[in-house]
Amino acid sequence: MDVPVEIVVHSDAGPAIITYAREKISRVTRFVSDPIRSAQVTLRVAGDPARARPVVAQASLDVDGTLVRAHVAAHDMREAIDLLEDRLRDQLEHLAARRHALRTRGPRAAQPHEWRHGDAPTHRPPYFDRPPEERRVVRRKTFAPHALSPAEAAEEMDRLDYDFHLFMCADTGTACVVARRPDGRTAIASTGSLPAAQGWLAPEPAPTPTLAEDEAVALLTLSGAPYVFYRDAPTGGGAVIYRRYDGHYGLITADGATPPTNDVTVATA
């Protein structure tokens, strides 16, 4: 059954591009056996003309209550839509494989990154080189993270097409963050004790700092890292300050305190 695909365009793209995007994403959804409740594609062109890949395309699908996302950058609209189709197909194939395994074998330990062999490249957009004095925290999100194992958090990070993922570790009861590493392993840091060692996990060597928001912003600016994971000084909860592709910053905070330790983390992923 064809799924209506909502197209949101933040540019002067004409009807032909909108039709092209709708046809390409609709083609992907036809191969999904689970019901798709909604599908949305967003297309935008960055305001900086110096960007090598100024077109950004994003897709969000609600697959029977499970959110699947994809995010790519390209030189032009058609290339972005083609890359988005490939990326979304990979995301949906992974979700289908996971659900099939649950139906046939029951729950088992996730194997993060095993499905990434042959995966389409992410084609992330470059960061806009906004001068430090102009950067602001323009997006804030506070949520109550649900308890996950590190393997479940890594799988969720992949499914949502995130570069990092803040979660509550079911093994330790502390706020943690997992992140992609270029070597295929998954970095992990915690506001408290780390979960048991696993071969695919790479514990961050630096401790996790207790910081006020302005201190976290200053550390992110000075470090040049994609994000900084820290323990929020006023609340004791886990928080992540991160770079946005528009050159500004975003802030995610976990609603709930975590046990104090002397530990701290600047991301290396």
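Predicted model: local features only at pLDDT ≥ 70, side-chain atom pairs only at ≥ 80, totals over all residues.

User: What makes Lys-24 count as buried?

Analyst: Buried means under 20% relative accessible area. Lys-24 has 11% relative accessibility, so Lys-24 counts as buried.

User: Why is Asp-82 called partly exposed?

Analyst: The label covers values between the buried limit of 20% and the exposed limit of 50%. Asp-82 has a relative accessible area of 28%, therefore Asp-82 is partly exposed.

User: Why is the contact of Asp-82 with Lys-24 called a salt bridge?

Analyst: The rule asks for a side-chain nitrogen of Lys or Arg within 4 Å of a carboxyl oxygen of Asp or Glu. Here the closest N and O atoms are 3.3 Å apart, so the pair meets the rule. Asp-82 is in helix α2 and Lys-24 in helix α1, 58 residues apart.

User: Which other partner does Lys-24 have in helix α2?

Analyst: Lys-24 also forms a salt bridge with Glu-85, with the closest N and O atoms 2.8 Å apart. This pair again links helix α1 to helix α2, across 61 residues. Lys-24, Arg-27, Asp-82, Glu-85 and Arg-89 are linked in a network of salt bridges.

User: How do you know that helix α3 is largely enclosed?

Analyst: Nine of its ten residues are buried, so the rest of the structure largely encloses helix α3. Among them are Pro-150, Met-157 and Arg-159.

User: What follows α3?

Analyst: Asp-161 follows, with a positive phi near 60°. Asp-161 forms a salt bridge with Arg-180, at 3.8 Å between the closest N and O atoms.

Notes: Residues numbered from 1 in each chain as written. Heavy atoms only, no water. Buried < 20%, exposed > 50% of the residue type's maximum accessible area, 1.4 Å probe, protein only. Helix = DSSP H or I, 4+ residues; strand = E, 2+ residues; numbered from the N terminus.
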